[in-house]
Amino acid sequence: MTKNAHHTIDQAEATEVTLDGVSRRTFLNVAGASAALAGVGLTGCIRKPVTKIVPYASRPEDLVEGVALHFATAHQEGASVTGIVVESHEGRPTKIAGNKAHPDSLGATSATTQGSVLDLYDLDRSVLPHGKRSESDAATLSWEAAWQTFERIADEAKKGPLAVVLPAVMSPTVRRLVAEARQAMPAARFFQADLLWPAAAMAAARAIGGAGAYAQTHLDKADVVAAFDADVLVTEPGAVRLTKGYAKKRKITGPNQPMSRIYALEPTFSSTGAIADHRARIKAGDVGRALAQLARELGAHGVTVDAAVVASLPQATLPAKADRLVKALAKDLAGNRGRAVVCVGRRQPAWVHALGHAINAALGALADGGPLSFHKDPTLPEVEDLGALAQALSTKAVGAVFAIDTNPAFSAPGALGLPALLAQTTLVHAGTHDDETGKLATLHLPISHYLEAWGDLQSLSGVATVQQPLIEPLHHTPSALEVLARLVRGRSVGGHDLVMETWKLDAAAWETWLHDGVKQVVVETPASLDWSKAAELVRTGSQAETASGTEVIFELDPNILDGRHANNGWLRELPHPMSKLTWENAAHMNQKTAGALDSGDLVKVTVGGQTVELPVQILPGMADDVVAIALGHGRRGIGKVADQHGADTYPLLPASLETTGWFAAGQFAASGGAIKLANLQPRGNSLTPRPASGYGPKAAPETYAKGGLGENRFEPRMMALEATLAQYAANPTFPDALNDRVMPDEKVKSWMYPEPPNEQPLAGGASTDDVYLNGVHQWGMSIDLNACTGCNACTIACQAENNIVVVGKDQVAMGREMHWIRIDRYFSGDEDVEAVLQPLPCQQCETAPCEAVCPVKATAHSNEGLNDMIYNRCIGTRYCSNNCPFKVRRFNWFNFNLDLHPLEQMQKNPDVTVRFRGVMEKCTYCVQRINRAKIEAKVHGDGRVKDGAIVTACQEVCPADAIVFGDLRDESSAVVKAKKEPRTYQLLRELNMRARTTYQAKLRNPNPDLV
């Protein structure tokens, strides 16, 4: 409302334009109401379904309807163990948050951990056991018959050498059962089928430090970080913990503060490469050679790498830019001994990891308190890889195969021919889905989701967590742990009893552990490190030839990983962090490599005689002659979300990843035809207008002349502001200079509220000059682009919290995605591009253009500064979306929430309205959390919400702590302090929308020798 001394005027009415005494708003008000009344008698209109409430006959203890409970547990992905806290509504797990007490999460999670709650309610989960299937026989079994079959197969298998295939074994109880099995069944062999396990890194650490050795990087202790084909902030093990450490070194509160420096040498454009201060494009096969060149260059700066390792180094000839970067990097690393670290990614073979460790040792990174530490866990079981399993099956060295919570028929390298070998043996499969392995199985057993089962997990940081079930198994299934115990012991043992056997805790200690979710475990240190073994690895491993033509590299999909989340709609619709492709994989390549091909054109990619057809996706910033393809797609017959999306690229995967790396020589050729890709940002340039290339020149403060608009009124404008650390120190208010280039501050005038009240400005720089806001609190948000890594965790957290629907590939391709917060990616430069990542929720404008055009006042301003949505009023004109320059408002074109299966309904957050067709929706700063905190403040305090009491879903999940939310009237609040930082800017400030969401500009810290 606009208020003056005489009267109060509705904001919308104040901007009304009339014709012949009838305004458009008045007409549509009447027309909308008439249409609604007319619809009462029309059978074709959509009505909300009638539901019935069944009351508790006896309310469960500690349960208060409408008040969520929270339980500590843990989630595993390969070697990564994340401590989490799960929100439960009346026994329904709905949302995941990080456990602040767990050192591997520190209150944050990844996008995939967030999305894992949806897997619990997957309608395509396996429900009943089955025997060997034929085309005409489903072979469904009762559980009694299934267990009888299981015991018969197990008893027979124990007479000879049986094979057990497991995922990465991070559970102390599973490790105990494996040790027990080796005692009871000496002939049994254990294999690992888990691409998320960093096999090459572990092999290098084991060679240097002995059995059970592994290394951990600590970015919070590093001033210089060199990432060699390592996406340490998104896809590498421990990415959440590493991002927390990275952010500590990159978040600054003013000029002249130190900031870490990041280098990246990589074949494709990763999220880590996007935030790097310096980046060089290089083939994956040349990364080891570049590291060898670095080891030699360090000698010129007084850093002595182990002599045996240096003597084993291969010769290297690098591209000019990479060679220049390596020389400058060597000097920088040498000048920061004890505070510098080299990181090598999982795609590289073991010898490159060993060389990286030798360089880190020479740099003093292994000293106490340094950025790299070696540890030893004697309980890590020795397991064989799938290559050994294929060899054993082909030579009949093993009998029956028990694949427990794994899918080796899908995720094995195609060169091994494992599906055919498994089809010819006695195969028992236990999994959540009747997947590719289950369809080949002699016996398939459904198992429980991790949120339904008892278990335990121990992270590499030395913290153990009990996995406690939040819900009774929905399909009355056993857990993977219970199936393994039944195999080993020949009888049924409950998961709870198995965990208690391992830890032997009294009742009080057990309850404390369940509550806290963390239990410290002693982590050993190797007695010594044998660098001669590193030299041997380097000498033997570096003999492989680099691909002279096209190099095909393989990568884990950042969202569905190795394919385990392929049937998860949230994660399938989540865009790739850099290419912004959804729903499928593609052959990523730069335009030079693609030649005349364009995004969507179909090509056949061939490696080792195997061929897969994929669409092209042009991605600038990739190395020349490199084709990158993601694994985990192209699954068939496991669920409606996974089916028919993407191509299965496992057939192209080399057989021995540990020694040869995740890349190989290959070729591609156009196959004719094209498909439409569901890409949320086909091009993305921070400057407008765009040049023909679509990427634009690099923008920096000196790009713009001083003083006014200049000669050309339409000179390029930066959407995501960035500068160097030196430029920031010289001109801390550089965002104002960049904004003033488009619209000087003195020309920003009010157009909506002609009679401003006599109000004081809000704290943190927000203004009440034009809007009368009399709420006790005034909410605002600040997002630090210097910390954001574009990991997409905020998008999934928002989706889980706010009941946001999945719309499917076709709708995404039409621009009808529903995410309330997206991560925009802006390129600058030529093929050696840089990128800026910018999260974009609703900006909560004070003078919101969406409000001015809504004919039914469905979008309105609250007295606390929120741009509210009143779903019950919305009639779907979409005027608000047309008038929003940020395009952050989403429209429900179809009734995705109609006739939901009861399992799908169970995931919905009861604190948030479930929207139906024809309704506009958007970010509301998690208004349900705001209102809950306000009620608590009224009940237990003076009505003022304390700073930090409200944490939005996006803020809560962010591993980089890039998002800050709070009260702008509270001068001591974190959000006010963030907004006072001179890097703060508003998007499209010249439009005078007074956005409550502001940004802190991106900074880079370049090496002076490379500028």
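Helices (H or I, at least four residues) and strands (E, at least two) are DSSP runs, numbered from the N terminus. This is a predicted model, in which local features need pLDDT of at least 70 and side-chain atom pairs count only at pLDDT 80 or more, while totals for chains, interfaces and linings use all residues. Residues are numbered from 1 along each chain as its sequence is written, and side-chain values use heavy atoms, with hydrogens and water left out.

On that count, the protein chain holds 32 helices and 42 strands. Of its 1011 residues, 61% are buried, meaning under 20% relative accessible area with a 1.4 Å probe, protein chains only. Take contacts (heavy atoms within 4.5 Å): among those between residues at least 6 apart in sequence, 75% link residues at least 24 apart.

Helix α16 spans residues 480-489, and eight of its ten residues are buried, so the rest of the structure largely encloses it. The buried ones are Ala-480, Leu-481, Val-483, Leu-484, Ala-485, Arg-486, Leu-487 and Val-488.

Leaving aside residues up to four places away in sequence, Met-578 touches several residues, including Phe-269, Ala-274, Leu-619, Arg-825 and Phe-827.

Technical notes
Buried < 20%, exposed > 50% of the residue type's maximum accessible area, 1.4 Å probe, protein only.
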